[in-house]
Structure formats: structure tokens, C-alpha cells
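Open the model in your viewer and follow the stops below. Each one says what to select and what is there.

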Amino acid sequence: MNVAIVGASGAVGQEFLRVLAERNFPITNLTLFGSARSAGTQYEFKGRKYTVKELVHGDDFKDIDIAFTSAGAGISKEFEKDITKFGAVMIDNSSAFRMDADVPLVVPEVNAPDAKVRPRGVIANPNCTTIIMVVCLKAIEELSHIKRVHVSTYQAASGAGAAAMAELELQYRQVLNNEPVTVNKFAYQLAFNLIPQIDVFTDNGYTKEEMKMYNETKKIMHTDIATSATCIRVPSLRAHSEAVWVETEKPLTVEAVQAAFAKADGVVLEDNPSEKIYPMPLFKSGLDPVYVGRVRKDLANPNGITFWCVGDQIKKGAALNAVQIAEYLVKEGDIRK
């Protein structure tokens, strides 16, 4: 494959390089694109240095088979035609196309075949919190149809990018040294704090991040599932956590749900409360699966199950999911048909 990464200097762009190397993705030629500011920067991939090219309108994608894009929704919209006009598959990590009817929204463990129907040559990577949740929901949906979900997310600084991660580290040092605290990437100081807002608020009182979970879950799972989310920024560096309450059509036992998680693709069950075994973001950063624990009956709903899950936002929540989509297409022989 001739592969391009757009937004190569960002946190997700750098993760693309690591994931592609880890998984030994079949690459003949690799091209890195970025802003004028990052153009000329060099990055190493499998022992070879690659120089970032400035992303400009033109024919730079003529020989590209797969383009992983993670430079923001505005850039994705602006350069969509440049990227796809010669037949490249654009796997986009922004929010630009997720709810477009003619763009599939794909989590390979849940709805991989959707990636084959892409009239615009674009496949959208879902929001990170949605990805982490639906990988788990898929296992329950196979036992009984899910009617509704309530979820509270605990999202690390990584969700706001590499600069946000650096700012959180800086804030901790500043607080401990009794220095003025730098606040640029967040609405408030995040160190030693929680911020109950991710993205901007909409007219219904929910943030855009929370509405993404509502809308995207329906599209990915092809059901009438209703999701109500509260998304919270927490002062951890990397990996998002979620507390999830699920209502199914018929009651399910804890044992049946645990067994479903244990065999689910992309899920690892860590659930032994008596031994204090449950997933935590500190220990799941940089890992591929979504980890699940604290599986129990919902005391407020006879048809309810609740669980806790943790997944690396930059990896499974972004770069890994996109690379898995590309792997599926390669396996299916569905590149440049």
C-alpha cells in the first residue's frame, strides 16, 4: 500500500506511525503531510526518516491508496476532494463526516462491512468515547437488544491533543511548586480538578461531545438505541474511562454478560472486585484492547446491567481503530477495486 498520514505531527498522527509499525501494516511508500509550520519536520518510521510535506491543493495524492487524516474537521472538509479524486480511501479521524449519510462510520469489531460502502471514498472514524463504548455494547447486544444507555465518561487530557497533555504535566509541576498555573488548552485548571464540559454546549444543554455519543452509537450499531451521556475531563494523562448503564429488552445475568465480554473481539475482561482487579487508565495507556470490569446488575432497573470500561483514547479511540479499518479493507481486497 502507498499510505499517507495527514496531520503527521499531531498526537494522533504520531500514534499512526507507532501503530502502523507495531502491526507491520503493508506499506510500499509512506508520505507525511502537515501544516506549513510542521513542513520539513522529520520523523522516523521503521528505521527510515521521512520529511513532512506541506498539505496543499493539487495532485499529491495521485498514487496514494490509503490516507489517514487527523488534522481537524476543517482541513478534512477542505481537502476531501484532493485526497479522494484519484481513488485513495480517506479514513478520517475528525468529526467532519461522521453523520453524513453517504459516509460509513466504522468500528471494525462492530460493523466492519459498512466500510465497503463508501460512495465518496471516505470512511469516518467515530468519536473516541463512542468507539470505546460500542466495542463493549456489541457483546451485550448479541445477548439481548439494548434499548437505552446512560454513560458518564472520564476523559484524559489526551483527548485534547499533545499540547493539552503537556499542559497538564506543566500544571501539576506549577501547583506543586506554588507557581502561577498556565491555562490555555482547557477552560480551567485541570490539574487536581474535574471539568464537566468537553466541547461546546448545544441548545438542549448537552455538549457536542455528548451528542456525538447519542448520534454515533445509533449509526454504528444500526439500532434505535438511545444514549444519554455526561462527558467529564479528568486530570489523567492518557486513556479514557466510562461508567455505563445498559437497559436490555430482557434481563441478563452478570455471568452471561461477563462471558460475552470475555470472548468479545477487542475486549479484555478484568473483573474480580474481591481482589481489587478492575481496569484503570494509568495501567491501560498504550494498550490496544478495551478493558471491562465492575460488571453488575443495575439496582434501579431489573433489565439493567452496569459496567466500567477503559480504553486508550489515542490508540483504540483514534489511530488503532483507523488502521484496523484499513487492515479489513486490505484483507477483503477492497482497495482500488
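Is Y154 buried, exposed or partly exposed? Select Y154: at 27% relative accessibility, Y154 counts as partly exposed. Buried means under 20% relative accessible area, exposed over 50%, and partly exposed in between (1.4 Å probe, protein chains only).

A word on the source: this is a predicted model, where local features need pLDDT of at least 70, side-chain atom pairs count only at pLDDT 80 or more, and totals for chains, interfaces and linings use all residues. Residues are numbered from 1 along each chain as its sequence is written, and side-chain values use heavy atoms, leaving out hydrogens and water.

**Aromatic pairs**

Rings of Phe, Tyr and Trp (its six-membered ring) pair if their centres lie within 6.5 Å; planes under 30 degrees apart are stacked, over 60 edge-to-face, the rest tilted. The count comes to 6 aromatic pairs. Y154 is in strand 9 and W308 in strand 14, 154 residues apart. Strands are DSSP runs of E, at least two residues; helices are runs of H or I, at least four; both are numbered from the N terminus.

Next, select F261 and F307. Their ring centres are 5.2 Å apart with planes at 70°, so this pair is edge-to-face. F261 is buried at 0%, and F307 is buried at 1%.

**D271**

Move to D271, in the loop between strand 12 and helix 8. Its side chain reaches the backbone nitrogen of R294 at 3.0 Å and that of V295 at 3.2 Å.

Definitions and conventions. Polar contact = N/O pair within 3.5 Å; in protein donor to acceptor, adjacent residues only side chain to side chain.
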